[in-house]
Amino acid sequence: MNLKDLSLIDLAKAIKERKISSYDATKYYIEKCKENAHLNAILEIYDDALENAKIMDEKIANGFEGKLAGVPVVIKDNILYKGKIASCSSKFLENYVAQYNADVVTKMLDAGAVIIGRANMDEFAMGSSTENSAFGITKNALDESRVPGGSSGGSACAVAAGMCPVALGTDTGGSIRQPSSYNGVVGIKPTYGRVSRYGVVAFASSIEQVGPITKNVKDNAYMLEVLSGGSEHDETSLKMDSCNFLLQIKGDIKGLKVGVLKEIEDAVKGLEVEKAYNDAKEFLANNGAQIIETSIPDFKLALPCYYIIAPAEATSNLGRFDGVKYSKRSQNAKDVDEIYIKSRSEGFGKEVKRRIMLGNFVLSSGYFDAYYNKAKKLQQKLKNEAKTVFEKCDVFILPTTTGEAFKIGEKMGDPVSMYKEDLFTILTNILGTPSISIPFGKGKNGLPLGLQIIADNLNEGVIYNVADFIEQNLREV
Amino acid sequence: MQDFDIVIGLEVHSELKTNSKVFCSCANKFGQAPNTNCCPVCVGLPGALPVLNKKAVELVIKAGLTMDCEINDLAVFERKNYFYPDLAKAYQISQLVRPICIGGHIDLKDKSVRLNRIHLEEDAGKLVHGTQAIGTLIDYNRGGVPLMELVTEPDISSAEEAVEFLTNLRQKLIYAGVAECKMEQGGMRCDVNVSVKPKGSDKLGQRTEMKNLNSFKSVFRAINYEANRQMEVLRNGGKIIQETRKWDDNHGKSISMRKKETSSDYRYFPDPDLLAVEIPREDVETIKKSLPLMPDQLKSIYMNEYGLSEYESDILTKDKELSDYFNEVVEHFNNPKEVTNWILTEVLNRIKDEESAEIKISPCDLAKLLKLVEDKKVTRTNAKEMLTRIWENDENISSLEKEYGGRVDGEELKSIVEKIIANNSKAVEDYHTSDTPEKVFRWFTGQVMKETKGKANAQKAEEYIKELLK
């Protein structure tokens with residue numbers, strides 16, 4: 001059986017029908033991980049993966065059924081899998097062993113998944129290129145001189161290079177969608193609260209979500225069904241069961257109201273992505289969708305809003321890493337204060353330190369109202385503006401990035417230009433709404449560009465329908 | 001010499017009486033082996049998330065209702081960020097902008113002390129300072145235990161009032177079932193803010209703070225020491241600096257700990273992991289209805305309906321276990337005055353002698369015993385003996401009743417007295433000649449009791465002895 005072109009859904013079906021064993025599938029993907037070691041997408045292949053695949057084969061033989069029965073999966077390095085290292089690609093947590101399973105891991109294991117390894121990322125999910133990993137740069141699956149995007153760069157690269165049929169990422173400001181776009185794969189940031197955050201090392205708690213990265217849209221819908229559902233461990237998870245998103249893929253977008261933002265028309269002018277974005281509008285219009293001009297006037301303020309809220313939460317979330325209970329202790333410390341200071345100085349990378357300082361600044365007394373409170377007010381204003389959009393439109397579209405993947409090292413010296421990488425993706429983290437990135441068009445070097453489809457909260461089904469329609473019909477254009 | 005007024009404000013932390021901790025399902029229990037009562041949430045492991053224990057919110061509402069607080073319809077949890085080894089996450093989940101309770105008051109004998117707020121937060125772990133070789137160890141068992149923090153307005157003006165306030169507060173919390181306030185286990189801890197100002201002035205002086213006092217006695221001593229220290233400084237032309245001082249109970253003095261200027265900035269912000277808590281009016285009403293009677297309410301029932309004295313009522317309501325006990329006995333034996341007599345003497349004396357708080361006779365048995373006395377089925381003397389046997393050996397009241405029951409009285413008693421007098425002519429003679437005839441008289445009553453196994457009607461026996469010895 002040719003596993004290379006098999007989708008996640010087809011692989012799950014083949015294993016279920018015992019046309020291929022979980023063991024053989026797992027072995028195949030582990031081989032692919034090893035073959036692609038030079039991309040540095042996978043930090044560790046778990047040594048018990050094949051063993052677990054064997055166990056799954058027995059279970060399947062005994063009638064076990066699960067959506068992921070025997071299917072190999074890769075997780076991002078900030079998701080806890082009991083007994084395995086979860087380093088967040090930080091030197092500080094290099095040897096940190098998870099003491100319990102994240103809810104998403106439990107859900108996948110319950111569905112029968114075989115978790116084969118953990119993927120590289122920007123340290124603590126802070127970054128847009130995976131260049132902030134303490135364990136080396138991951139390369140773009142399609143052009144090794146370029147970044148894979150970030151922070152879920154390892155996950156996106158692994159899927160694009162065929163090292164796994166699906167990988168989990170986390171998205172705080174675009175960290176699933178931007179690397180998906182750069183590697184030509186499909187990634188969704190679900191509605192905030194759709195997926196439990198329990199067991200995911202927190203960066204910016206109020207805006208981040210776990211989501212799947214897959215080769216195609218239907219796989220993505222299939223996987224999100226496994227991950228979704230409220231959890232008693234996470235108050236912010238929505239108290240509702242998962243749902244079958246595939247049922248909402250209808251193969252038709254006639255009459256669909258697609259919003260385009262006035263602000264974007266200006267923002268894309270002269271950008272590499274301009275043509276692809278305009279092509280997307282045309283494609284949708286040609287296929288029966290109704291294009292509606294609308295507006296989120298404060299669109300551009302989402303970025304500064306994010307760079308206040310996210311560091312503020314991050315600085316608080318990362319306070320626990322002190323080199324005492326867990327996280328690596330400095331060998332050069334002579335007393336308690338030095339344990340704290342030196343462990344942190346040595347353990348955290350540059351970008352993490354930058355955001356910790358930023359966060360402390362915006363929360364400090366005297367600045368709190370001017371920054372954090374203002375950002376929260378702005379967040380509410382953006383939500384209100386988005387509400388008016390969704391009163392008129394079923395979805396709206398945005399480019400995922402300004403252009404194709406940039407060169408390794410190109411933006412490392414310029415944090416602001418790196419932050420602007422998230423210009424188009426950050427909005428939906430601030431809004432909480434779901435947003436997918438699918439490949440749409442090519443850049444000047446023939447590398448993929450991405451299109452985001454955004455719907456109101458809990459309308460992932462609508463998103464998947466549009467995304468799938470584009471995926472199925474675009475090739476024929 | 002210049003006279004001063006003392007101004008005191010209190011911040012009181014009480015551990016709430018819940019089954020589990022405030023943000024995880026670990027038991028809320030004291031005294032377990034270090035670090036055995038924790039989970040990913042209360043030791044702040046990466047990825048762990050807090051989930052609010054609604055019971056803790058209910059208890060804080062309960063506390064607030066006993067003190068006439070206003071209950072916020074929306075309460076918000078915030079992160080108080082600071083770095084200390086006993087604080088697992090490097091932030092404490094607490095409340096700043098929207099606490100559960102606002103305002104309220106506690107009435108003392110001579111004044112009403114206004115409250116600023118009551119909020120809910122999590123306790124930190126505990127540092128255990130070992131020998132130099134061992135160093136300091138951390139025990140996270142206490143981490144995540146629910147704490148209510150009550151903050152008063154600066155309405156207290158003496159150490160005596162502060163202790164009266166705390167006694168009253170403690171009583172309320174115990175009565176409402178909100179907290180056990182076991183001071184020796186750190187179940188109630190008090191921060192004291194003290195300042196002094198020229199007598200009659202309405203301008204507050206600079207205050208200092210002493211943290212974590214864990215006995216009323218320390219609070220009393222610390223306030224007096226600190227107030228005197230401040231007055232001394234001012235009289236000598238000095239200035240009070242805003243600072244946190246540590247109370248050293250062993251040496252009876254406070255020592256400067258840190259100046260406020262360099263204190264931490266807590267960088268509070270709403271905890272993104274927790275939802276704001278909506279508190280509907282109906283819920284508050286339901287909780288209000290579920291509140292048990294408070295000590296002052298009980299006191300007024302005891303005095304006005306039961307006819308007890310203020311002194312008696314005070315003793316009975318000082319301790320919830322005791323008033324619960326009293327109420328239950330009265331439920332079965334409706335003579336509050338008699339029940340009070342027995343409890344204040346027989347029961348409390350035994351407790352005092354044993355230095356234990358346990359009443360070793362059930363309310364039901366005590367009621368039965370009093371009924372037996374009332375029905376004259378056993379004598380008062382025998383009843384006391386029965387009480388002792390129940391208390392000490394946990395004996396069965398019905399079998400004791402058989403043993404002691406049946407009172408010797410009337411003609412039967414008279415003939416026994418006659419017989420004893422007839423058989424003891426020497427003693428009869430002694431009675432008439434002795435300088436201390438009452439001693440001989442007591443010997444005769446003793447003989448009667450011995451003969452009747454204590455079942456004689458003592459009063460009647462004395463009458464007969466007197467009559468027959470004439």
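With 12 C-beta neighbours inside 10 Å, A:Arg18 counts as exposed, a residue being called buried if 20 or more other C-beta atoms lie within 10 Å of its own, exposed if 12 or fewer, and partly exposed in between, with C-beta atoms placed from the backbone. The model is a predicted one, in which local features need pLDDT of at least 70 and side-chain atom pairs count only at pLDDT 80 or more, whereas totals for chains, interfaces and linings use all residues. Residues are numbered from 1 along each chain as its sequence is written, and chains are lettered from A and ligands numbered from 1 in the order in which they are written.

Most residues other than glycine have a negative phi, and most peptide bonds are trans. A:Arg18, although not a glycine, has a positive phi of about 60°, and its place is in the loop between helix H1 (8-16) and helix H2 (22-35) of chain A; helices (H or I, at least four residues) and strands (E, at least two) are DSSP runs, numbered from the N terminus. In chain B, the phi of B:Asp394 is likewise positive, near 55°, and this residue is found in the loop between helix H10 (380-393) and helix H11 (397-404), where B:Asp394 is exposed, with 9 other C-beta atoms within 10 Å. The peptide bond from A:Gly150 to A:Ser151 is cis, with omega near 5°, and A:Ser151 is found in the loop between strand S3 (114-119) and helix H5 (153-160) of chain A.

Between the chains, 23 residues of chain B are in contact with 28 residues of chain A, contact requiring that the C-beta atoms of two residues, placed from the backbone, lie within 7 Å.
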